[in-house]
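Here is a short briefing for a reader new to this structure. Please look through the model first, then read the points below it.

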Amino acid sequence: MYYVNHEQIDLRLRFLPTLSEACGKLSSGWEQAGDAERLLLHLAQERTLHLAIETVTDVGSLLIDAFMMRDASSYEDIIDILAGERVFDEQVASVLRQLVVLRKPLVQDFAAYPREGLHPLITMLPGTLQAFAEAVPAFISREMV
């Protein structure tokens, strides 16, 4: 029998629409923003990306703990394990791989992080996060049978 921490998974999945909404607001506000507002938008973008990374990898770790019985060696490995177990398709996996490689620059190298424009993942994340949020419960249902 598997122990699935549904409460923690659901809590994180319910947070994903907030991140998608933030991405939409960042995207729409970017062009109208003046120089004074750009710094705040950059910092908001970085935090949104960071929260997306943490949310996806937290859910991934909970799934791995519940079903796969092995430890991931890195954030990238979390995505690879989930993709290998067919939690989500390769299109979602590709975007999530691009996302998780940003963790070190955002968390450890933040002082030198380039603040040059809207990150391309900001426009890609809403659809990817929605697909992820739909794929996780579907995977759990398949595995619990």
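This is a predicted model: local features need pLDDT of at least 70, side-chain atom pairs count only at pLDDT 80 or more; totals for chains, interfaces and linings use all residues.

Residues are numbered from 1 along each chain as its sequence is written, and side-chain values use heavy atoms, with hydrogens and water left out. Helices (H or I, at least four residues) are DSSP runs, numbered from the N terminus.

- Helix α1 has 25 residues and spans 36 Å from its first C-alpha to its last. That is close to the expected 36 Å, where the expected span is 1.5 Å times one less than the number of residues.
- Buried residues (under 20% relative accessible area, 1.4 Å probe, protein chains only) of α1 include Ile-9, Leu-13, Leu-16 and Trp-30. The buried residues of α1 pack against α2 and α6.
- The axes of α1 (residues 6-30) and α6 (residues 120-144) come within 8 Å and cross at roughly 160°. Axes are lines fitted to C-alpha atoms over the stretch in contact, with angles from 0 to 180 degrees between N-to-C directions.
- That angle makes α1 roughly antiparallel to α6 (over 145 degrees).
- Contact means heavy atoms within 4.5 Å. On the α1 side, the residues meeting α6 include His-6, Ser-20, Cys-23 and Ser-27. On the α6 side, Thr-123, Pro-126, Ala-133 and Pro-137 are among them.
- By class, the contact of α1 with α6 has 15 nonpolar, four polar and no charged residues. Ala, Val, Leu, Ile, Met, Phe, Trp, Tyr, Cys and Pro count as nonpolar, Asp, Glu, Lys and Arg as charged, and the others, Gly among them, as polar.

**Helix α2 and its partners**

- The axes of α2 and α6 come within 12 Å and cross at roughly 15°. The two helices are therefore roughly parallel (under 35 degrees).
- Their contact includes Gln-45, Val-59 and Phe-67 of α2, and Leu-121, Phe-139 and Glu-143 of α6. It has 16 nonpolar, one polar and one charged residues.
- The axes of α2 (residues 35-68) and α4 (residues 90-100) come within 9 Å and cross at roughly 120°.
- Leu-49, Ala-52, Ile-53, Val-56 and Thr-57 in α2 meet Leu-96, Leu-99 and Val-100 in α4. Seven of these residues are nonpolar, one is polar and none is charged.

**Single residues**

- Glu-46 sits in helix α2. Glu-46 is buried, at a relative accessible area of 9%.
- Leaving aside residues up to four places away in sequence, Glu-46 touches Leu-106, Tyr-113 and Arg-115.
- Lys-25 sits in helix α1. Lys-25 is exposed, at 55% relative accessible area (exposed means over 50%).
- Lys-25 and Leu-41 are 16 residues apart along the chain, and their C-alpha atoms are separated by 9.8 Å.
- Most residues other than glycine have a negative phi. Arg-86 has a positive phi of about 60° although it is not a glycine.
- Arg-86 lies in the loop between α3 (75-84) and α4. Arg-86 is exposed, with a relative accessible area of 64%.

Conventions
Angles under 35 degrees count as roughly parallel, over 145 as roughly antiparallel, 65 to 115 as roughly perpendicular and the rest as oblique.
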